[in-house]
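Thanks for making time this morning.

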Amino acid sequence: MRRIYPDIQDNPDIVQAYAYPEGRPWLRLNMVSSADGAAWLDGRSGGLSSKGDKRIFQTLRGLADVIVAGAATVRKERYGPVPPREAWAEIRRGRPEVPPIAVITRSLDLDLDGELFTSAPSRTIVITCEAAPGDRRKTAAERSDLIVAGEDGVDLRAAVAALHDRGLTRVLCEGGPRVNAQLSADGLVDELCLSISPLLVGGGAARIQNGEPAQTALELSQVLEEAGVLFCKYTREQSHDRADAGA
């Protein structure tokens, strides 16, 4: 792997390249897409991934306090517990050995008997709303750390604030496209890490954001490359920082 922007460097330190900024909460999206913008191939993101993408994916997970994903992504990508990794020992010093996964769901249509809820090293978080079915909410509260944010739908601003209240301020969101779009519309995205696969897909695959319209000005801060795959890091323009920056 090499860095080609903002400078040229062979074998950059991946942990250093993706370190979170100090002294403020930070929410990053991590997505992979084809060269023509498709967020998945044959219904899943794995077909667009590469060895380099998987290394960066694992590094971003290790750096995060919490991994956020929508319920559709959890079901489609067959999420399980995050396994401990020896490579994370230093970057997770003083924190749990693995970050918890937080699942965003209005309907609570989740396999609450699955390993994600029965054997995760860090207790899974479920983020839902008042309109969720009461019986499912009761079961979810027994098998997860339940956050109720919003009435008819999940209020992502309240959800992110609840994660911060738990000390989970370095937030990694792995999608899907609708969750990404809502986060952008709510002005919550600080950074986008985008792996671009040298592949044309076409068809009906969603883009990495697919839902509410939102315009967030970004600055290209870094580009890595390996085997024709580009790993771009964009950060929100400073003039668009949230008022709670540095909080």
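Predicted model: local features only at pLDDT ≥ 70, side-chain atom pairs only at ≥ 80, totals over all residues.

Just after H7, Gly 187 adopts a positive phi of about 70°.

Turning to the nonpolar cores, the largest has 33 residues, and within it Tyr 18 and Ile 56 have the most contacts. Two or more residues each come from helices H1 (14-17), H2 (51-63), H3 (71-76) and H4 (115-118), and from strands E4, E5 and E11 (229-236), with H2 giving the most, namely 3 residues. Leaving aside residues up to four places away in sequence, Tyr 18 touches Arg 28, Ile 56, Leu 60, Leu 63, Cys 193, Gln 222, Leu 224, Phe 231 and Lys 233. Apart from this core lies another, of 29 residues, among them Ile 125, Cys 129, Leu 168 and Leu 192.

As for the rings, the count of aromatic pairs comes to 0, but the charged end of Arg 28 sits over the ring of Tyr 20, 4.2 Å from its centre, and Lys 76 lies over the face of Trp 40, at 3.8 Å from the ring centre.

Finally, an unreviewed UniProt entry lists residues 25-223 as "domain: Bacterial bifunctional deaminase-reductase C-terminal"; over residues 25-223 the chain is 26% helix and 22% strand, and the end C-alpha atoms are 23 Å apart.

Key:
Residues numbered from 1 in each chain as written. Heavy atoms only, no water. Phe/Tyr/Trp six-rings, centres within 6.5 Å; stacked < 30°, edge-to-face > 60°. Lys NZ or Arg CZ within 6 Å of the ring centre and 35° of its normal. Helix = DSSP H or I, 4+ residues; strand = E, 2+ residues; numbered from the N terminus. UniProt positions renumbered as here; feature names shortened; annotations may be inferred. Core = buried A, V, L, I, M, F, W, Y, C linked by side-chain atoms within 4.5 Å. Buried < 20%, exposed > 50% of the residue type's maximum accessible area, 1.4 Å probe, protein only. Contact = heavy atoms within 4.5 Å.
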